[in-house]
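This report looks at one strand and at one pair of packed helices. The sequence and the structure come first.

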Amino acid sequence: MTSLPYLAGYSESLRTQALELLEAGELADRLRARYPDRHDVRSNKALQVYVQELKARHMKTSAPLGQVQFDDRLHVIHGALGLHTTSTRVQGAKLRKRRSIQVASLFKDTPPEFLRMIVVHELAHMKHGEHDRAFYRLCEHMEPEYHQLELDLRLFLTASEWA
């Protein structure tokens, strides 16, 4: 079977079905029909506001975020779609943590559901570093359709690279 790297963790039957849709040229059309809208979050400032609103709604007691931005190099360099970092600095007798989130620039032109999914994923990493049950529970708390959106995003990326 042709390599489908974004779908590597899914069942053989799902990968086969995705490959059949790709070869028939139907996968991208089905995803466009399912997610016809585009969001207006195009600048780093708009992304900062968007992320802060989600954080305020679902993670009120978590530590504040420093920088939030789109990153043109993220997909290529890190092999990731989003990145969360925490830097610790000593200020007198206290340790200060500064948290930041970077989102791959390809999300500037995707359906709003995909941007929300990646932001929810990176926000959940602020509380849970590993992809464990608690992490995915928090993701589902912030976005009830998280797992379906993750699969659809992976299909979207597969279709984009196939073209």
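## Basis of the description

Helices (H or I, at least four residues) and strands (E, at least two) are DSSP runs, numbered from the N terminus. The model is predicted, so that local features need pLDDT of at least 70 and side-chain atom pairs count only at pLDDT 80 or more, while totals for chains, interfaces and linings use all residues. Residues are numbered from 1 along each chain as its sequence is written, and side-chain values use heavy atoms, with hydrogens and water left out.

## Strand β1

Gln 69 is found in strand β1, and its C-alpha atom is separated by 6.6 Å from that of Ile 101, 32 residues apart along the chain. Leaving aside neighbours within four places in sequence, Gln 69 is in contact (heavy atoms within 4.5 Å) with Asn 44, Leu 47, Ile 101, Gln 102 and Val 103.

Asp 71 also lies in β1, which spans residues 65–71. Because its relative accessibility is 8%, Asp 71 counts as buried, a term for values under 20% relative accessible area (1.4 Å probe, protein chains only).

## Helices α5 and α7

Helix α5 (residues 112–127) and helix α7 (residues 146–162) pack at an angle of about 115°, their axes 10 Å apart; axes are lines fitted to C-alpha atoms, for helices over the stretch in contact, and angles run from 0 to 180 degrees between N-to-C directions. From α5, Glu 113, Phe 114, Met 117, Val 120 and His 121 meet Tyr 146, Leu 149, Glu 150, Asp 152, Leu 153 and Phe 156 of α7.

Notes: Buried means under 20% relative accessible area, exposed over 50%, partly exposed in between (1.4 Å probe, protein chains only).
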